[in-house]
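Please look at the sequence and the structure before reading on.

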Amino acid sequence: MATPVISFSDFQKLDIRIGTVVEAVVPEWSHWVMKLTVDLGPEIGERTVFAGIMKFYNPQDLIGKQFVFVVNLEPKKIGPKESDGTQGYSQAMLLAAIRPLEKPIEVEAEKITEKPIPLAPSAIVPNGAKIR
């Protein structure tokens, strides 16, 4: 399958930034996603990000770490409504590379063959730093 080609102007529409995870929890209803609160700097502030990484990472291991996020995606509804009637929305996307697993794992009767590896800067940068 050929990789779709996009124009450079389409690529420029993406707002990709560095953010620091300040909180990470697994929602009670989740069997796959982790809820991250991410500091994306003074221009954007904190955002909620749901990422399908909980089978591979512990929440406490992500806190204080910087990763790469797309911050201008349309918010996506995630999970059921909370007991207070509010709905969870993912307000950005954690970017990750995919590494094949040597041995597949089974999660909720689904065979998983790849592990997400969150992209991170090689040095600490200010929260909200743009990727160009």
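What volume does the second largest pocket have? Its volume is about 200 Å³. This is a predicted model, in which local features need pLDDT of at least 70 and side-chain atom pairs count only at pLDDT 80 or more, while totals for chains, interfaces and linings use all residues. Residues are numbered from 1 along each chain as its sequence is written, and side-chain values use heavy atoms, with hydrogens and water left out.

A pocket is an open set of points on a 1 Å grid where a 1.4 Å probe fits, with protein on both sides within 12 Å along at least five of seven lines; its lining residues have an atom within 4 Å of a point.

| Pocket | Volume | Lining by class |
|---|---|---|
| Largest | about 430 Å³ | 13 nonpolar, three polar, two charged |

The largest pocket has 18 lining residues, and Phe50, Ala51, Gly52, Met93 and Leu94 lie nearest its centre. Two or more lining residues come from each of strand 3 (46-51), strand 5 (76-78), strand 7 (93-94) and strand 8 (96-107).

The lining of the second largest pocket includes Phe8, Phe11 and Leu14. Helix 1 (8-11) and strand 1 (16-25) each give at least two residues to this lining.

Phe8, Phe11 and Leu14 also form, with Ile6, a nonpolar surface patch of about 420 Å². Such a patch joins nonpolar side chains within 5 Å, from residues with over 30% relative accessible area and no salt bridge. Ile6 lies in the segment before helix 1. Ile6 counts as exposed (over 50% relative accessible area) because its relative accessibility is 53%.

Notes. Points joined across faces, edges and corners; volume = space filled by probe spheres on them. Helix = DSSP H or I, 4+ residues; strand = E, 2+ residues; numbered from the N terminus. Nonpolar A, V, L, I, M, F, W, Y, C, P; charged D, E, K, R; others polar. Patch = residues over 30% accessible without salt bridge, like charges linked within 9 Å, V, L, I, M, F, W, Y side chains within 5 Å. Areas by Shrake-Rupley, 256 points an atom, 1.4 Å probe, with all protein chains shown as cover. Salt bridge = Lys/Arg side-chain N within 4 Å of Asp/Glu carboxyl O. Buried < 20%, exposed > 50% of the residue type's maximum accessible area, 1.4 Å probe, protein only.
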